[in-house]
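Try each task before you read its solution.

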Amino acid sequence: MFINLFDAPRFAEESFRGHWLAQGLGGLYGFGRGTAPAGSRVLAVNRSKPLAEVLSDMNKFSNNLIARSVFLTLGQREAGGRSAVNAEAAVRRQLVSAGLDDEALVLENGSGLSRRERATARFLGSMLYQAYRSPFRQAFIDTLPIAGVDGTLKTRFRQLGSPLRMKTGTLRNVRALAGYWLPAHGRRLAVVVIINSERSDGYLPDLDALVNRIVRDLSTANRLESTGGAPN
């Protein structure tokens, strides 16, 4: 579980203290911020993971904390101060520049843990289509859970395997899947299914059955096309 109970300064202090003590070192009596004296020597440097790995952790394990952090980082890079407002503006600018109509999108906190946020299946499908056409296609696909292999799809769609890459979405009364069916040959497909219902958990088998049916129908069409036949 990814849980942080501290604000940023306290988190930095406790992390440093933990690493220091793990090395068997003593003499750590306090923690504070200051200005390094001139001529100070760097003892250690720690860099974050590359963005592609961070996004992979976010999507494969449906990590809302990372999603929120990435959202706010977008806002901070737009301009200092009101990160959340700037983040939404940055997201919408990217969507519009990709030719997407963002009117169907409602953003609140950028993590998915919101009762106000909205997105239609058509909008998500269009976004997946544009992402597939972008220079970052493979990097994005690599962040998605692989059916029957890892992340939140590790125990689902095992019979379909690696051609199916889908991000899961779960809230009370909401279940969703969005991603790609990527067979080695033939047409490929962006798939989005959303269930909004008080009985959404009970519909999970139907959700998976629908995705299986969509994939099966496309696979049949691909086989017929490759042999010169025509689908019914």
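**Exercise 1.** Not counting residues up to four places away in sequence, which residues does Arg 156 touch? Then decide: is Arg 156 buried or exposed?

*Solution.* Keep in mind that this is a predicted model.
- Step 1: Find the place. Arg 156 sits in the loop between α6 (137-141) and β1 (164-171).
- Step 2: List the contacts. Arg 156 touches Ala 147, Gly 148, Thr 168, Arg 175, Leu 177, Leu 204, Leu 207 and Asp 208, with residues up to four places away in sequence left out.
- Step 3: Look at the side chains. Those of Arg 156 and Asp 208 make a polar contact at 2.6 Å.
- Step 4: Apply the cut-off. Buried means under 20% relative accessible area. Arg 156 has 12%, so Arg 156 is buried.

**Exercise 2.** Find Ile 3 and decide: is Ile 3 buried or exposed? Which residues form a nonpolar patch on the surface?

*Solution.* 
- Step 1: Go to the segment before α1 (8-22); Ile 3 is found there.
- Step 2: Apply the cut-off. Exposed means over 50% relative accessible area. Ile 3 has 57%, so Ile 3 is exposed.
- Step 3: Name the patch. Ile 3, Leu 5, Phe 6 and Phe 11 form it, and together they have about 450 Å² of accessible area.

**Exercise 3.** Which helix holds Leu 124? Which residues is Leu 124 in contact with, leaving aside neighbours within four places in sequence?

*Solution.* 
- Step 1: Locate Leu 124. Helix α5 (residues 121-133) holds it.
- Step 2: Set aside the neighbours within four places in sequence. Leu 124 is then in contact with Ala 119, Val 192 and Ile 194.
- Step 3: Check a distance. Leu 105 is 19 residues from Leu 124 along the chain, and their C-alpha atoms are separated by 9.3 Å.

Methods: Residues numbered from 1 in each chain as written. Predicted model: local features only at pLDDT ≥ 70, side-chain atom pairs only at ≥ 80, totals over all residues. Heavy atoms only, no water. Helix = DSSP H or I, 4+ residues; strand = E, 2+ residues; numbered from the N terminus. Contact = heavy atoms within 4.5 Å. Patch = residues over 30% accessible without salt bridge, like charges linked within 9 Å, V, L, I, M, F, W, Y side chains within 5 Å. Areas by Shrake-Rupley, 256 points an atom, 1.4 Å probe, with all protein chains shown as cover. Salt bridge = Lys/Arg side-chain N within 4 Å of Asp/Glu carboxyl O. Buried < 20%, exposed > 50% of the residue type's maximum accessible area, 1.4 Å probe, protein only. Polar contact = N/O pair within 3.5 Å; in protein donor to acceptor, adjacent residues only side chain to side chain.
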